[in-house]
Protein chains: 4
Amino acid sequence: MAPGVNNMDSLHNMPARAPTKTVSIGVVGLGRMGKRHAKTLLYRTPTAKLVAVCTISEVELAWAREFFAPGSGVTVYDSYDKMLQHQGLEAVWVSTSTDLHAPQANAAIAKGLHVLCEKPLSTSLEDAQSVVDAAEANPHLKVMAGYSRRFDASYREAKAKIEAGVIGTPFMVRSQTGDLRDDTGFFVRYAAKNGAVFVDCSIHDIDLTMWFLGDDLVPKTVFAIGTLTHHPELAQSRDVDNGIGVVEFWGGKMAYYYCSRTQAHGQDVATEIIGTHGKIMVNLIPRINHIQVASATGINHEVPPEYWERFEDAFATEANEFCDSILENKPVPVPMNLGVKGMKIAWALQHALWHNKSLHFDRNGNQIDGPAEN
Amino acid sequence: MAPGVNNMDSLHNMPARAPTKTVSIGVVGLGRMGKRHAKTLLYRTPTAKLVAVCTISEVELAWAREFFAPGSGVTVYDSYDKMLQHQGLEAVWVSTSTDLHAPQANAAIAKGLHVLCEKPLSTSLEDAQSVVDAAEANPHLKVMAGYSRRFDASYREAKAKIEAGVIGTPFMVRSQTGDLRDDTGFFVRYAAKNGAVFVDCSIHDIDLTMWFLGDDLVPKTVFAIGTLTHHPELAQSRDVDNGIGVVEFWGGKMAYYYCSRTQAHGQDVATEIIGTHGKIMVNLIPRINHIQVASATGINHEVPPEYWERFEDAFATEANEFCDSILENKPVPVPMNLGVKGMKIAWALQHALWHNKSLHFDRNGNQIDGPAEN
Amino acid sequence: MAPGVNNMDSLHNMPARAPTKTVSIGVVGLGRMGKRHAKTLLYRTPTAKLVAVCTISEVELAWAREFFAPGSGVTVYDSYDKMLQHQGLEAVWVSTSTDLHAPQANAAIAKGLHVLCEKPLSTSLEDAQSVVDAAEANPHLKVMAGYSRRFDASYREAKAKIEAGVIGTPFMVRSQTGDLRDDTGFFVRYAAKNGAVFVDCSIHDIDLTMWFLGDDLVPKTVFAIGTLTHHPELAQSRDVDNGIGVVEFWGGKMAYYYCSRTQAHGQDVATEIIGTHGKIMVNLIPRINHIQVASATGINHEVPPEYWERFEDAFATEANEFCDSILENKPVPVPMNLGVKGMKIAWALQHALWHNKSLHFDRNGNQIDGPAEN
Amino acid sequence: MAPGVNNMDSLHNMPARAPTKTVSIGVVGLGRMGKRHAKTLLYRTPTAKLVAVCTISEVELAWAREFFAPGSGVTVYDSYDKMLQHQGLEAVWVSTSTDLHAPQANAAIAKGLHVLCEKPLSTSLEDAQSVVDAAEANPHLKVMAGYSRRFDASYREAKAKIEAGVIGTPFMVRSQTGDLRDDTGFFVRYAAKNGAVFVDCSIHDIDLTMWFLGDDLVPKTVFAIGTLTHHPELAQSRDVDNGIGVVEFWGGKMAYYYCSRTQAHGQDVATEIIGTHGKIMVNLIPRINHIQVASATGINHEVPPEYWERFEDAFATEANEFCDSILENKPVPVPMNLGVKGMKIAWALQHALWHNKSLHFDRNGNQIDGPAEN
């Protein structure tokens, strides 16, 4: 809502009606994000009824058995197949490592369950496409890609302003995903299962680009470079811990990205959308709260250590809208095929990086030179 | 949590356990804030079970009957007495106009119900004290003053930093509560029932002062001035729409406040805590999200239109902690007597304004000159 | 100039004409600021010809004799009387301690010289008035009060926006002057000669108030409190190192001030001007340059250690406009009598602090109660 | 100076000594920047004596004859050759269009004059090299490239912090040069003589990259894309009005650039230097002064319309340091050959743009594929 509008008596920000129904939902994967999704479903999604969780990790199982004590109404499974047979289960939230996303999503669809599948859909384009195909073959099921930034209030306001013409015609996006440098070894373990940096990180920025510049964008040329500054182990998987990618689209639009695993200060996700008559800046100077501290060294503010602190509200909105789409039989807010489109650009960047050369596409988006796409 | 800490695998920000019990709660008053509290209890407080709401306003009743449709599990009452007899009701959230806070809180206590009472406790110090007395006479009941800012993440972080010694010894607070200028007539109606500006607005700033400088603060001298710039109708109640208050405490500590009903840009609640080795600034430049728009007129960002947008999370935390105090039989986070202490300072400011002179207190906090306190 | 205006070919910010004449000027007092004024006259004031400097301090004399080496064209004097007889001297910049301002200004006027006299004009209202009287008796001389903030680009832009109606009718000013805490002992020596805190510091904020709200403002009520947190030696002169002052003006306008000698982070001069339709904020978050550093502790920026870094450009503008007023025989930008008006309010605040009570004025600005004014 | 340092008595920021000598200097070119350089030499460079200016433009001549009235001490020339023969001339500031920089710099050197030559040195690498060669052949002359950002206080502080290890090892630079969109036709006329966008704009960002990451950087791969959004006339010269460039250096360092001629809000020059332990952000949110205005549309601040407002102080520092290098026979702060090195990268970006492909260099910096360099 525009500030300055007098809405003293209004119901601004209120749902239309108190919830009267719920979706029975299970979460698979209880790592860093799985736990948080479970919390979001319990604490901030009145239309969700969390009935089951599943993991094969002993550590995660131990946590789950304590957290979901009797009386919580949540059954803990150590087998995904068993969870899929949970009585009354209606939907699954797939929050495992990327290599499991596609097979688990497909298994849930095969069981007639709605699915929210974390991004990226897969480390392989073929597997990702198989989920899209399964979703299209089951139009009665809600199958949704977990592009959480599309649910963030700031990015939504950016989208609304663009549509309102505030910056004229948008023609360019700069976007970056920077993660806190990890000194614990967690990240190297994580990376082994979650794909290269453009596919794991920049895919969010690519998705935002399509959202802001037009879902009909066709890439024309891509290029990428990268470097290893903190995680030499990544060389084994030909990955980098800091990368820069550039995408030129047919029709004169452009985007450029920075992805980093080594930000000293925390989570630094910033986006600029530039138009003919203005630009929108989202989170150029990250901050975790409303505090600044003045002391002998200057004025300091802290930043979110992780994307959770930055996007916690967005995850809650995502969960609520996913449940709404099921309860009210509406289209999902982020259809599955969008995820595949972004993955193609992400993989092209990865290939440009590996081969140290620009790659080119025809007007239909088919790559016309260089290495095979995947 | 401090940024820069690697907590990749941690359960940061997670509750200790999934909820297994709930508190059956009723909300009385469904005006601007009552509706929002109801939403908070429904959407963001898994340990609350909203079972009843109550209002005598026809407009609010019509809304409530539509919002709480059958199946929502919420009974709509048009009589507070009837709601108090709701089967299984355990707690009441008092969110009516200020003149009703004390009698309704007292009635609920008399029924053996827990109470969360919105600030200020009353427009009269005697009535406020009666709630404190009733609470003390019923120590098994959780009776809590609704000082929502104490639940705000930024103010809590400020408190934590002060306790950690980040600014040395704090000796001074500047705090302001500025509301969006209302051109609809809502505010003048609101003001008739909610008390003068220092008692309605600055009471938050006074409460923060005690929290940051010490709950044992004793006022020594107060002074206040004010002016009417937009709501001449307030002259009837000797109120102002912009006021400045100053409080000197015994022992060399100080505070000064600005309260305004006429901010053109929206909700502007800012606080500075100044210590011997630094200062903490909370929300000096208000902003509603992470967006800035650059255009031909410069770079612009929007601000929250109301305190709801600024403090929505704080209200959710407040509701959760109130329920926790009941379920786990813990002390309430904001005991009722704190509310009365702040009210005394607020009323002294109001009197200083009315009589255009400084008022003085002895070391026990008893006023030693000027008009009677109330 | 408004941003967004295309002025590619314009002479924006250019003087009308290259200088062809200069004013021969002498600086008396070569302390912290005297040195800087000398530099400003040498480096940034092409219409000034610095011909003489004067100090009775041995330390300052030693510095001056080395700095103004032969060839610099500047004669170093150890006697103010001798400097006043310097051949061809046209103007004097009085930059000694406050107790000397008035007699030195009067001596220069008596010699037929133009005078720029640093604020405050005196520690005594009578002495200050004597300079005003001398100036009025010599209308051919340019006699100017050194309220440097009136030459600052940001404050000037604030003034221009107010006059353009950007914030509607301004009715209130909040302004603060915070100096870096001094641990060297310099400040205590300085304070002995430069007056109490409201007279030395807040006088700038008072002057800004009159500039922004109207030079015809008449005080109605003043009040002040203060505390000693770092310089207990100031108790001897009944001074404080942190003070808060409030001024209500006849007609519904208000101002409040904070002055501090103990800011941990540096120079913190901030001003808000609040009107019926907006507010202008000047320097709410001080910063010394365009840099922010992100590191494991968050994002930090530095602040000016002294007012010099904040107002260096303003001092240059002041020097240029003073010389212009002489060369072009124009009125001085800050007439002497303004300085006395602000001093009266500053002294009233000081008295309210000493007597711990509000003081009152009639519509003509005459104090109607309390202690004598000075 | 670090904030928080007590330097109450210090001579911080003072020159070592009052000037006793001057350099007689002439300015050639009196367009937008030539006028400003003349002003800087007159108003802010006490060691410069502006004795001559020169232009062949009738419009500029008319301005100059009025501005430099008799008594200003400045002779106005309509012929560069004539100005070079001005009696006592010691140095020339070349501020004409880029196509004239090299021949005019060479002519001045041939006359035995010191030269400050605006960037870029030429639109041709060969011509640029000829100036470098001439400078090296005349080591007694001070010949300096006008990379003004190296004199900016913020960039200098960034450099100092990098050298102090504040961000660990810097490995990456993001830098952008965005100019206000021109609707007057000025820019299209300007572009015809001043070269393509990477050579005219990004050359500053490239120069900063070398300064921050190491002057020994050798490019490995470059790539660039661009688009035309506002100035279709630029298509004739194969130029774009918005471009993105990426440079990978041998050794794992990287840079990426954005250059734009169409910023709606004004001059937007921002730089980030990213290291292993932090990053330095310079001017991420541009602002022209210390003001923010809160009104019904939010909180707004203005930005510099041109680089002059952003870098005016830097130009003054540049002029002073150039004169100092002559008077004290010190090395110039920005030697000429640095300019050529940056130009090579800028031209490679321009070629990558034109050919829509990445270009590659060997470890000696020789291009190993693609089109000839120029």
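1. Let us start with salt bridges between chain C and chain D: the rule finds four of them across this interface. A salt bridge here is a side-chain nitrogen of Lys or Arg within 4 Å of a carboxyl oxygen of Asp or Glu. One to look at joins E302(C) and K161(D), with 2.7 Å from N to O. Please keep in mind that this is a predicted model, in which local features need pLDDT of at least 70, side-chain atom pairs count only at pLDDT 80 or more, and totals for chains, interfaces and linings use all residues. Residues are numbered from 1 along each chain as its sequence is written, chains are lettered from A and ligands numbered from 1 in the order in which they are written, and side-chain values use heavy atoms, with hydrogens and water left out.

2. Polar contacts come next. Between chain C and chain D, 14 residue pairs are in polar contact, both residues being at pLDDT 80 or more. The term means a pair of N or O atoms within 3.5 Å; within protein, one must be able to donate a hydrogen and the other to accept it, and residues adjacent in sequence count only if both atoms are side-chain atoms. On the side of chain C that touches chain D, at least two residues each come from α1 (32-43), α2 (58-67), α6 (153-163), α7 (186-194), β12 (278-282), β13 (291-295) and α9 (307-327) of chain C. Helices (H or I, at least four residues) and strands (E, at least two) are DSSP runs, numbered from the N terminus. By residue type, that side of chain C has 33 nonpolar, 20 polar and 22 charged residues. Ala, Val, Leu, Ile, Met, Phe, Trp, Tyr, Cys and Pro count as nonpolar, Asp, Glu, Lys and Arg as charged, and the others, Gly among them, as polar.

3. How much area is buried between chain C and chain D? About 6,600 Å², with carbon and sulfur atoms giving 59%. Buried area is the accessible area (1.4 Å probe) that two parts lose on being put together, summed over both. The contact (heavy atoms within 4.5 Å) involves 75 residues of chain C and 75 residues of chain D.

4. β12(C) runs antiparallel to strand β13 (residues 291-295) of chain D, over four bridges; two strands pair if DSSP finds at least two bridges between them. Within β13(D), V293(D) is the bridge partner of I280(C).

5. Finally, chains A and B. Here 76 residues from chain A and 76 residues from chain B take part in the contact, and the buried area is about 6,600 Å². There are four salt bridges between chain A and chain B, including E66(A) with R17(B), whose closest N and O atoms are 3.0 Å apart. β12(A) pairs antiparallel with β13 of chain B over four bridges, and V282(A) has I291(B) as its bridge partner.
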